[in-house]
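Hi,

Here's the structure I said I'd pass along. Have a look at it first, and then read on for my notes.

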Amino acid sequence: MIDITKLTELAVAYDAGDPRRVQHFLKVYAFCRLIGQREGLDAQTQNTLEAAAILHDIGIHEAERKHGSSAGQWQEAEGPAVAAPLLEQVGADPAARERILWLIAHHHTYAASEDTDFRILVEADFLVNAYEDALPPDACRTAEERLFRTRTGRMLLQKLYLSPPYQP
Ligand SMILES: [Fe+2]
């Protein structure tokens, strides 16, 4: 099993000076952890999902350096090469490593797979981006129909963004 705490420390060190990225992946990790546990993932799949959540956007700095853009396609292209040595440092086994790199390389390609770990990563990333990008309710409703698959992901989307706004 991958030591998620150690991997998190490595990812924070890699993103040093960029608190926005650190806060983003920590939130995506928390949602992946919650959704995965509630959806009953086996321990191994849960572990690789959590590692993928920590590393899913790790290609952004390279994408910005090489392509002048953090667009999804460049993140997907650059992420695996950055993630691989970090996974090596935490002793990821070959199967886990391969799965995590695949998840990183496809997390913006929403039709890439119906596998539950992949769907959860997409849902968790959306739940965080919806807040960070202040998406309107209509965009969340469209995502609920087209993007979301898990009961827990849909529940969270409803509670966070499709419920009557909190009034103090
Ligand atoms: Fe993300």
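Predicted model: local features only at pLDDT ≥ 70, side-chain atom pairs only at ≥ 80, totals over all residues.

**Helix packing**

Let me start with α2 and α3. Helix α2 covers residues 19-38 and helix α3 covers residues 43-55; their axes come within 8 Å and cross at roughly 160 degrees. Angles over 145 degrees count as roughly antiparallel, and that is therefore how α2 and α3 run relative to each other. The crossing of α2 past α3 is right-handed. If you want to click through the contact, α2 brings F25, V28, Y29, C32, R33, G36 and Q37, while α3 brings Q46, L49, E50, A53 and I54. By class, the α2 and α3 contact residues come out as 7 nonpolar, 3 polar and 2 charged.

The next pair is α5 and α6. Helix α5 (residues 72-89) packs against α6 at an angle of about 150 degrees, and the axes are 8 Å apart. That angle makes α5 roughly antiparallel to α6. The α5 and α6 crossing is right-handed. On the α5 side you'll find E76, G79, P80, A83, A84 and L87, and they meet R97, I100, L101, I104, A105 and H106 of α6. Sorted by class, the contact of α5 with α6 has 8 nonpolar, 2 polar and 2 charged residues.

Then there's α3 with α7. The axes of these two helices come within 10 Å and cross at roughly 35 degrees, again with a right-handed crossing for α3 and α7. Here T45, L49 and A53 of α3 touch D117, I120 and L121 of α7. The α3 and α7 contact splits into 4 nonpolar, 1 polar and 1 charged residues. Do look at L49 and A53: both are in the α3 contact with α7, and both are also in the contact of α2 with α3.

**Aromatic pairs**

How many aromatic pairs does a search of the whole structure find? It turns up 2.

One is W102 with F118. The ring centres of W102 and F118 are 5.5 Å apart and the planes sit at 65 degrees, so this pair is edge-to-face. W102 belongs to helix α6 (residues 94-106) and F118 to helix α7 (residues 116-132), so the pair ties together parts that are 16 residues apart in sequence. W102 is partly exposed, at 27% relative accessibility, whereas F118 is buried at 0%.

The other is F126 with F148. For F126 and F148 the ring centres are 5.7 Å apart and the planes are at 90 degrees, so that pair is edge-to-face too. F126 is in helix α7 and F148 is in the loop between α8 (137-146) and α9 (151-161), so the two link parts that are 22 residues apart in sequence. F126 counts as buried at 12% relative accessibility, and F148 is buried with a relative accessible area of 0%.

Is H56 buried or exposed? At 0% relative accessibility, H56 counts as buried. You'll find H56 in the loop between α3 and α4 (60-67). Leaving aside neighbours within four places in sequence, H56 contacts H24, F25, V28, I104, H107, L121 and D125. Some of these turned up above: F25 and V28 are on the α2 side of the contact with α3, and I104 is on the α6 side of the contact with α5.

L41 is in the loop between α2 and α3. With 19% relative accessibility, L41 counts as buried; the cut-off for that is under 20%. The C-alpha atoms of L41 and D117 are 8.1 Å apart, although the two are 76 residues apart along the chain. Apart from neighbours within four places in sequence, L41 is in contact with G36, Q46, L49, T116 and I120.

Last one: A134, in the loop between α7 and α8. Most residues other than glycine have a negative phi. Phi of A134, however, is positive, near 50 degrees. A134 counts as exposed, at 62% relative accessibility.

Cheers

How values were computed: Residues numbered from 1 in each chain as written. Heavy atoms only, no water. Axes fitted to C-alpha atoms, helices over the stretch in contact; angles between N-to-C directions. Helix = DSSP H or I, 4+ residues; strand = E, 2+ residues; numbered from the N terminus. Parallel < 35°, antiparallel > 145°, perpendicular 65-115°, else oblique. Left-handed = near helix turned anticlockwise from the far one by under 90°. Contact = heavy atoms within 4.5 Å. Nonpolar A, V, L, I, M, F, W, Y, C, P; charged D, E, K, R; others polar. Phe/Tyr/Trp six-rings, centres within 6.5 Å; stacked < 30°, edge-to-face > 60°. Buried < 20%, exposed > 50% of the residue type's maximum accessible area, 1.4 Å probe, protein only.
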